[in-house]
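Biologist: Before I plan anything around this protein, could we walk through its fold together, one question at a time?

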Amino acid sequence: VHYQTKASLRSSRIYGLEALVRWRLSDGTLLPPSAFLPVAERAGLMYDLTLYVLETALRDIAWLRGRRLDLTVAVNVPPVAILDSMLSRDIARLLNQAGLPPNALEVEITEESLMGDRDRARSLISGLRELGVAVSIDDYGTGYSSLRYLRDLEVDSLKLDRSFVTG
C-alpha cells in the first residue's frame with residue numbers, strides 16, 4: 001500500500017491520504033494496478049485484497065494519529081466488494097481493530113460500481129453513512145450516470161474523472 005497526500009487548496013494543509021495499491025516485484029519494480037488487479041479478480045481475490053488494503057491503511061493512519069497527525073485515509077473499493085453483504089460489517093470491525101473513529105475513513109466507490117447494481121450500492125452507501133464513514137464517488141464522468149442520479153445518493157464528495165479537467 002502506497003499513499004498519496006490530500007491537501008486543502010485554501011490552507012495548503014495536508015488533511016488526509018489516499019491508499020494506493022501497488023505490487024513490488026523482487027527486483028524492486030512497482031507494478032501498477034492495471035497489471036495485477038485483473039489477475040486478482042480472475043482468481044477471486046479482490047475482496048481479500050480490499051480487506052488487506054483497508055486493514056493496512058487503517059493501521060497506518062492509527063499509527064500516524066498516535067503521533068498527533070490528525071489524518072484521514074481514503075480507500076478505493078472495487079465493484080466486487082460492493083456486492084459483498086459483509087463489507088460494512090468488515091469495515092466496522094477493521095475500524096474497531098485499529099482503534100479509529102469511523103470518520104477516519106473515506107470509502108471511494110467508482111461510478112462504474114454504482115451503475116452495476118444501484119440497489120446494492122445505495123444500501124452500502126447507506127450502511128457506511130450510518131457507521132459514520134465518509135463516502136466519495138470516484139472517477140465520475142467515465143460512465144453514463146446522470147447528475148440527477150447523484151441526488152438520490154448520500155455521498156460526501158464527488159471526484160471528477162480527469163477527462164473533465166484535462167486540457
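**Strands, sheet and helix**

Modeller: Q4 stands opposite E18 in β2, and please keep in mind that this is a predicted model.

Biologist: In which sense do β1 and β2 pair, and over how many bridges?

Modeller: Strand β1 covers residues 2-7 and strand β2 covers residues 14-20. In their hairpin, six residues lie between the strands, and S12 takes a positive phi near 65°. The two strands pair over six bridges, and the sense is antiparallel.

Biologist: Which residue is the bridge partner of E18 in β5?

Modeller: E18 in β2 stands opposite Q4. β2 is also joined to β5, by four bridges, and these two strands run parallel. In β5, the bridge partner of E18 is A74.

Biologist: Within what arc do the buried residues of α4 fall, seen down its axis?

Modeller: Helix α4 spans residues 87-98 and reaches 16 Å from its first C-alpha to its last, close to the 16 Å expected. Its buried residues are L87, S88, D90, I91, L94 and L95. Seen down the axis of α4, these buried residues line one face of the helix, because they fall within an arc of 160°.

Biologist: Which exposed residues does α4 carry on the face turned away from its buried side?

Modeller: The buried residues of α4 pack against α2 (46-65), β5 (72-77), α3 (79-82), β6 (105-110) and α6 (118-131). The face turned away from that buried side carries exposed residues, for which the cut-off is over 50% relative accessible area. On α4 these are R89 and N96.

Biologist: How far apart in space are L83 and D117, C-alpha to C-alpha?

Modeller: L83 lies in the loop between α3 and α4. Leaving aside residues up to four places away in sequence, L83 touches D117 and R120. Although L83 and D117 are 34 residues apart in sequence, their C-alpha to C-alpha separation in space is 7.8 Å.

Methods
Residues numbered from 1 in each chain as written. Predicted model: local features only at pLDDT ≥ 70, side-chain atom pairs only at ≥ 80, totals over all residues. Heavy atoms only, no water. Expected span 1.5 Å × (residues − 1). Buried < 20%, exposed > 50% of the residue type's maximum accessible area, 1.4 Å probe, protein only. Arc of directions from axis to C-beta. Contact = heavy atoms within 4.5 Å. Pairing = 2+ DSSP bridges.
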